[in-house]
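Take a look at the structure below. We start with a metal site and then turn to a pair of helices.

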Amino acid sequence: MATCASAPFDHAQADVILRSADGVEFRVFKLFLSLASPLFETLFGLPQAPDGATDQEMKDGLAVIAMSEDSKTLDSFLRFCYPSTLAEDPSLENLEDILSILAAARKYSLDLIERKVCQALANPKVLETEPIRCFAIAQNARLKHETITAARHTLRHPLVPAQFPEIGLITASELLALLTYHKNCGIAVQPLTKDLKWLTDHYVNQNACRWLLGPYYNGTCSCGQVTDNKFSLWGIQTVTWWATYMQELSELLMDRPSGDTVRTATDKTIQKVRSKNCGACSSSVKANMTEFSDLLALKVDEAVAPVCTLLYIRERF
Ligand SMILES: [Zn+2]
């Protein structure tokens with residue numbers, strides 16, 4: 001027994017019925033669907049067969065068209081077709097819905113819906129929390145720009161992802177391409193913590209970054225100076241906590257080569273140094289490290305930017 005869809009797809013004046021694969025009947029207006037899709041326009045424009053000469057199913061005097069989409073997909077899809085005064089565009093924050101709506105949009109040549117799905121995959125909130133799922137959907141749908149954007153957002157997360165529901169949407173080669181891209185980005189940022197020329201170029205001389213040099217410049221600093229030259233600037237050994245930060249960051253960036261990783265590590269260091277109660281560092285660490293971190297985060301994002309172009313391997317056809 002078929003059930004009737006909810007408003008606005010239950011209108012008494014509707015002129016056609018679309019029945020979903022799971023048996024829900026949507027009473028809709030041909031005009032709205034014809035305006036949204038050339039395929040519907042053709043379908044509804046076909047000449048009517050003379051009475052009795054057709055096996056067209058009828059109900060309440062209206063033609064019933066069987067659709068292959070389920071009611072959830074059909075509901076979202078029809079809301080996009082209807083004028084916004086009658087039905088608001090559905091929210092596409094749920095990634096599970098996106099792929100079926102995209103498939104329907106392509107089947108019925110609904111360019112507008114395809115564009116909206118692309119916008120949903122570019123939603124920063126979804127990209128930040130679920131980049132690998134966006135990547136799999138975009139790659140599967142051959143959306144080049146969205147695939148690259150999602151891949152870039154995976155850099156905020158560890159190289160090897162946890163299991164995710166859409167893993168079956170991509171091939172092993174595509175996953176390998178993503179992992180290779182991620183690893184190459186990790187390699188691309190390593191020089192930033194190995195060779196500090198970018199930093200000495202930025203500060204020009206020691207006076208501009210005394211806070212980094214700890215007790216060497218400030219007798220009230222009780223944090224100590226490192227004894228090796230790994231993170232020295234102009235041959236001067238730096239304050240201990242900063243060298244520790246750089247060492248840890250270097251390892252973190254290999255796994256998560258993103259400006260976001262720099263900001264997170266910086267916040268932790270700021271908390272740590274503040275709690276040390278050093279007369280020289282604790283009060284100034286936030287301002288100094290925030291400026292430093294903004295600069296380094298920018299350098300990291302600049303270093304990974306050229307790697308992106310190597311990513312996309314599956315062409316749309
Ligand atoms: Zn100090």
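The donor residues of the zinc ion follow the sequence spacing C-x1-C-x54-C-x2-C. They are Cys 221, Cys 223, Cys 278 and Cys 281, each through SG, at 2.2 to 2.4 Å. Donors here are N, O and S atoms within 2.8 Å of the metal (3.2 Å for Na, K and Ca); water is not among the atoms, so sites may look incomplete.

This is a predicted model, in which local features need pLDDT of at least 70 and side-chain atom pairs pLDDT 80 or more, while totals for chains, interfaces and linings use all residues. Residues are numbered from 1 along each chain as its sequence is written, and side-chain values use heavy atoms, without hydrogens and water.

The 4 donor atoms of the zinc ion make angles of 105 to 113°, and the site is tetrahedral (four donors, all angles between 85 and 135 degrees). Cys 221 sits in the loop between helix 11 (197-203) and helix 12 (240-255), and Cys 278 in the loop between helix 13 (259-274) and helix 14 (285-304), so the pair ties together parts 57 residues apart in sequence. Helices are DSSP runs (H or I, at least four residues), numbered from the N terminus. Cys 221 is buried, at 8% relative accessibility. Cys 278 is buried too, at 3%. Buried means under 20% relative accessible area (1.4 Å probe, protein chains only).

Now the helix pair. The axes of helix 4 (residues 95-107) and helix 7 (residues 131-140) come within 11 Å and cross at roughly 5°. Helix 4 and helix 7 are therefore roughly parallel (angles under 35 degrees).

Technical notes:
Axes are lines fitted to C-alpha atoms, for helices over the stretch in contact, and angles run from 0 to 180 degrees between N-to-C directions. Helices (H or I, at least four residues) and strands (E, at least two) are DSSP runs, numbered from the N terminus. Angles under 35 degrees count as roughly parallel, over 145 as roughly antiparallel, 65 to 115 as roughly perpendicular and the rest as oblique. Four donors count as tetrahedral if all angles lie between 85 and 135 degrees; four count as square planar and six as octahedral if opposite donors are over 155 degrees apart and all others between 65 and 115; anything else is irregular. Buried means under 20% relative accessible area, exposed over 50%, partly exposed in between (1.4 Å probe, protein chains only).
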